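Visitor: Hello! Could you walk me through this protein, one step at a time?

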Amino acid sequence: MPPLVPPFLVGLVVAPLAKRLLKPLMRGVVKTSVGIVLEVKKAAHEAGENIHDLAAEVAADVVAAQIAAGDGGARTGDGRPAAAGKGDSADRTEGEARTPRVRTTAGVGKAH
């Protein structure tokens, strides 16, 4: 019959060895995982920029097609007629500058 070694003695010997072997392995796994996450984040950001650029090109093509088709009313950047809306450029002369509107909000300047 082999000698019986109590499990806690096995743990006392195996734990430091496992720590020495597993710590570098786990460090490599975490480092690789973080690198992959950063690359995926970068790729997603670039894809979003490409979609934004594509949408801008399509919008420009649509506006160019409308102008070419003779739908020539002057329009703002969001597709509304330029003279529509209260306080738009139709109320100003050509040389006047637009005055910015200031909104007051509750709690401005409060420290958290």
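Guide: Below are a few questions and answers about this predicted model.

Visitor: How many helices and strands does the protein have?

Guide: Happy to start there! Helix H1 covers residues 7–68. The secondary structure of the protein comes to one helix and zero strands.

Visitor: What share of the residues is buried?

Guide: Buried means under 20% relative accessible area. The protein has 112 residues, and the buried share of them is 1%.

Visitor: How much accessible surface does the protein have, and what part belongs to carbon and sulfur atoms?

Guide: The accessible surface comes to about 10600 Å². Of that surface, the part that belongs to carbon and sulfur atoms is 65%.

Visitor: Is Arg 27 buried or exposed?

Guide: Arg 27 sits in helix H1, and a patch of positive charge on the surface includes Arg 27 along with Lys 19, Lys 23 and Lys 31. Its relative accessibility is 66%. Exposed means over 50%, so Arg 27 counts as exposed.

Visitor: What kind of charge does the patch with Asp 61 have?

Guide: Asp 61 belongs to helix H1 and is exposed, with a relative accessible area of 53%. Glu 39, Glu 46, Glu 49, Asp 53 and Glu 57 gather with Asp 61 on the surface, and the charge of this patch is negative.

Visitor: What is the accessible area of the nonpolar patch?

Guide: Among the residues that form this patch are Val 5, Phe 8 and Leu 17, and Leu 17 lies in helix H1. Together, the residues of the patch have an accessible area of about 750 Å².

Terms used. Residues numbered from 1 in each chain as written. Predicted model: local features only at pLDDT ≥ 70, side-chain atom pairs only at ≥ 80, totals over all residues. Heavy atoms only, no water. Patch = residues over 30% accessible without salt bridge, like charges linked within 9 Å, V, L, I, M, F, W, Y side chains within 5 Å. Areas by Shrake-Rupley, 256 points an atom, 1.4 Å probe, with all protein chains shown as cover. Salt bridge = Lys/Arg side-chain N within 4 Å of Asp/Glu carboxyl O. Lys, Arg positive; Asp, Glu negative; His and termini not counted. Charge placed at Lys NZ, Arg CZ, Asp CG, Glu CD. Helix = DSSP H or I, 4+ residues; strand = E, 2+ residues; numbered from the N terminus. Buried < 20%, exposed > 50% of the residue type's maximum accessible area, 1.4 Å probe, protein only.
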